[in-house]
Amino acid sequence: MDFYKNARPDPKTAPPLEQWRTLYQLADELKQLAPWKSVYDSQLFRIELPEDPEPYFCSIMGNGGESFGIAVYPGYEAYARLLRLLDTDSNELEMLLAVDQRVLVCEFCNSGEVSNADRAVIKSLGLRFRGKHQWTTFRSGKPGQFPWFLTAEEAGVLCRVMPQALAALRQYLTAEDAPEFRDGVILRWRPAESGWVLEEFPLEGIQIPVERIKVDESEWLPYKRKRKTRDVLELEAGYLPVPVQESVSVPAHATYIVVLTNRKTETPVGPMPTDTWDAPPDIKIASALLDYIKKNGRPAALYVRSEWIAEPVRDICSGLGIRLHIGEDLSLSESMIHFLYLMLTGDDEVLGALDELSDILDFLDDDDDDDAPDNLITFPKRLR
């Protein structure tokens with residue numbers, strides 16, 4: 001992307017040259033091994049290092065012929081976020097989840113995708129690259145943040161993980177008795193008394209705890225007094241991949257959105273980019289529902305796609321008598337997300353239609369509070 005070309009990583013946290021040398025040597029080994037000829041990106045390797053409390057999950061990129069390299073997901077939360085991405089069959093949902101990953105990436109790019117900072121490191125190491133998918137780059141991805149340059153700490157992680165990932169790949173590709181990938185199975189690389197072992201390991205879903213929003217009984221009162229309606233709502237939330245960058249020395253971040261749609265009227269009732277309000281995603285999700293109730297009454301039911309979205313509003317729904325449905329189809333929300341993406345990226349047709357939809361897109365209204373959009377409530381400080 002354009003914001004990489006002249007981007008400047010923080011020299012205080014950047015890896016030293018010797019760390020870069022190790023990483024580029026490991027990358028060259030990976031390039032020569034070319035595991036993407038035999039391994040799909042959904043076939044994961046679990047790497048267990050004795051010095052680290054949680055494993056690393058590695059995905060090989062390149063079998064589809066587009067991006068080549070290795071993606072390392074550190075720990076169980078990163079793994080859970082990856083599984084959400086792999087399990088979706090919705091283009092709109094995949095778009096939201098793609099910028100919700102914690103990942104360290106070694107990728108072989110084209111010359112035009114390499115930043116000036118990358119070129120400076122490559123030159124300092126005396127390396128040269130020519131040709132398509134030959135330029136080595138390293139990036140760090142965090143939830144809500146577009147990929148950015150590695151810190152020394154992150155480079156250290158890759159320096160420890162990549163040698164074992166390469167050893168596991170060699171074992172898988174060359175050993176006659178190597179285990180095979182099959183449905184419901186990933187491959188585990190772990191230390192044993194006899195040396196390192198490659199074995200099958202069950203692919204199990206992991207639910208990372210999400211903070212449940214607690215509200216005192218006294219704070220429920222204004223919402224319990226609201227009339228009960230027959231409205232059925234969908235709630236969707238996530239990071240829209242529209243980059244916002246304040247300067248070339250900081251990573252670009254994505255726009256977090258919370259979308260509420262009414263299933264009966266098939267209209268959005270609370271779509272909102274929440275980028276201007278500095279609060280955790282769970283608070284933004286809960287605030288969207290409470291603010292809707294404050295203005296429109298208590299809906300009969302609320303549909304969400306996953307436990308990740310349900311947890312912040314579970315107690316709210318229970319306390320206010322709202323039926324909560326998890327794991328249902330959210331086609332209306334997905335259509336709205338697609339519309340928002342086109343609008344924020346400057347699609348002419350969408351921008352031309354905004355005048356007609358101004359009564360729906362109430363998140364564009366001016367707000368007296370500079371810290372939060374009009375259709376968000378502010379939680380007491382103890383809940384932030």
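What share of the 384 residues of the chain counts as buried? In this predicted model, the buried share is 51%. The secondary structure of the chain consists of twelve helices and 14 strands. Among contacts with a sequence separation of 6 or more, 66% are between residues 24 or more positions apart.

In soluble globular proteins, nonpolar side chains tend to be buried together. The largest nonpolar core of the chain contains 43 residues, and Phe45, Ile70 and Phe138 have the most contacts inside it. Helix α6, which spans residues 152-174, gives the most to this core, with ten residues. A second, separate core holds 29 residues, including Trp220, Ala252, Ala254 and Cys317.

The surroundings of Ile70 were listed without residues up to four places away in sequence. On this basis, Ile70 touches Leu30, the run of Cys58, Ser59, Ile60 and Met61, and also Leu104, Val105, Cys106, Met162 and Ala165.

A polar residue, Asp118, was also examined. Asp118 lies in helix α5, which covers residues 116-124. With a relative accessible area of 5%, Asp118 falls under the 20% cut-off and therefore counts as buried. The side chain of Asp118 makes a polar contact, at 2.9 Å, with the side chain of Ser115. When neighbours within four places in sequence are left aside, Asp118 is in contact with Tyr24, Thr137, Arg139 and Phe149.

Terms used:
Residues are numbered from 1 along each chain as its sequence is written. This is a predicted model: local features need pLDDT of at least 70, side-chain atom pairs count only at pLDDT 80 or more; totals for chains, interfaces and linings use all residues. Side-chain values use heavy atoms; hydrogens and water are left out. Helices (H or I, at least four residues) and strands (E, at least two) are DSSP runs, numbered from the N terminus. Buried means under 20% relative accessible area, exposed over 50%, partly exposed in between (1.4 Å probe, protein chains only). Contact means heavy atoms within 4.5 Å. A polar contact is a pair of N or O atoms within 3.5 Å; within protein, one must be able to donate a hydrogen and the other to accept it, and residues adjacent in sequence count only if both atoms are side-chain atoms. A nonpolar core is a set of buried Ala, Val, Leu, Ile, Met, Phe, Trp, Tyr and Cys residues joined through side-chain atoms within 4.5 Å.
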